[in-house]
Amino acid sequence: MRIERTFDAPIELVWEMWADPGHFAAWYGPDGATVSVATMDVRVGGSRLIGMAMETPGGPRRMWFAGEYREVVGNERLVYTEFVADESANALPPSAMGMPDDHPVTTEVVVELGDLGGRTRMVMTHIGVPEGSPGAVGWAMAFGKLDSYLATHNG
């Protein structure tokens, strides 16, 4: 799955949205989701743990995602792995979160940023998540939230 967006914000600010746990927690996840835990050691080999809660048709659901940073090039490129986990970052099968049986255990997120002179082009590729899947829909919602959040922090 690949999403390309242009944000009306400088590249340094868009980078902070991905690299600062407080900013990341403010916009990450689909509409209605809240991130209560965002532990992010943004350096090569650093770990990440994201705890998200949301209402689903079956009632409230708590989800955890963990992974490791593979590439960190400030204001340019961020690559990290992601897997379904428990609150201690122990890997769980994707089916534990209601994902299809054929969903990969570990996926990879690649974020590439380009400076457009005060605006930022972002290309996010989530390797292992198919186009049109619930995960892809969630990312699209999250980037809508990011656009709104950037508007309140740009200036």
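Start by selecting His23: is it buried or exposed? His23 is buried, at a relative accessible area of 19%; buried means under 20%, exposed over 50%, and partly exposed in between, using a 1.4 Å probe and protein chains only.

A quick word on the ground rules. This is a predicted model, where local features need pLDDT of at least 70 and side-chain atom pairs count only at pLDDT 80 or more, while totals for chains, interfaces and linings use all residues. Residues are numbered from 1 along each chain as its sequence is written, and side-chain values use heavy atoms, with hydrogens and water left out.

Stay on His23, which sits in helix H2 (residues 21-27); helices (H or I, at least four residues) and strands (E, at least two) are DSSP runs, numbered from the N terminus.

Next, select helix H1, residues 11-19, where seven of the nine residues are buried. Among them are Trp15, Met17 and Trp18.

Trp18 leads on to the largest nonpolar core, which has 41 residues; Trp18, Trp27, Tyr28, Met124, Trp139 and Phe143 touch the most other members. Such a core is a set of buried Ala, Val, Leu, Ile, Met, Phe, Trp, Tyr and Cys residues joined through side-chain atoms within 4.5 Å. Center on Trp139 and, skipping neighbours within four places in sequence, you'll find contacts (heavy atoms within 4.5 Å) that include Met1, Ile3, Tyr80 and His126. Apart from that core lies another, of five residues, including Leu49 and Phe83.

Now for the charged pairs. The whole structure has eight salt bridges, each a side-chain nitrogen of Lys or Arg within 4 Å of a carboxyl oxygen of Asp or Glu. Pick Arg5 and Asp147, with their closest N and O atoms 4.0 Å apart. Arg5 is in strand S1 (residues 2-7) and Asp147 in helix H3 (residues 134-153), so this pair ties together parts 142 residues apart in sequence. Arg5 is partly exposed at 25%, and Asp147 is partly exposed at 32%.

Then try Glu112 and Arg77, whose salt bridge is 2.9 Å, N to O. It runs from strand S6 to strand S5 (residues 77-85). Last stop: Arg2, Glu4 and Arg121, linked in a salt-bridge network.
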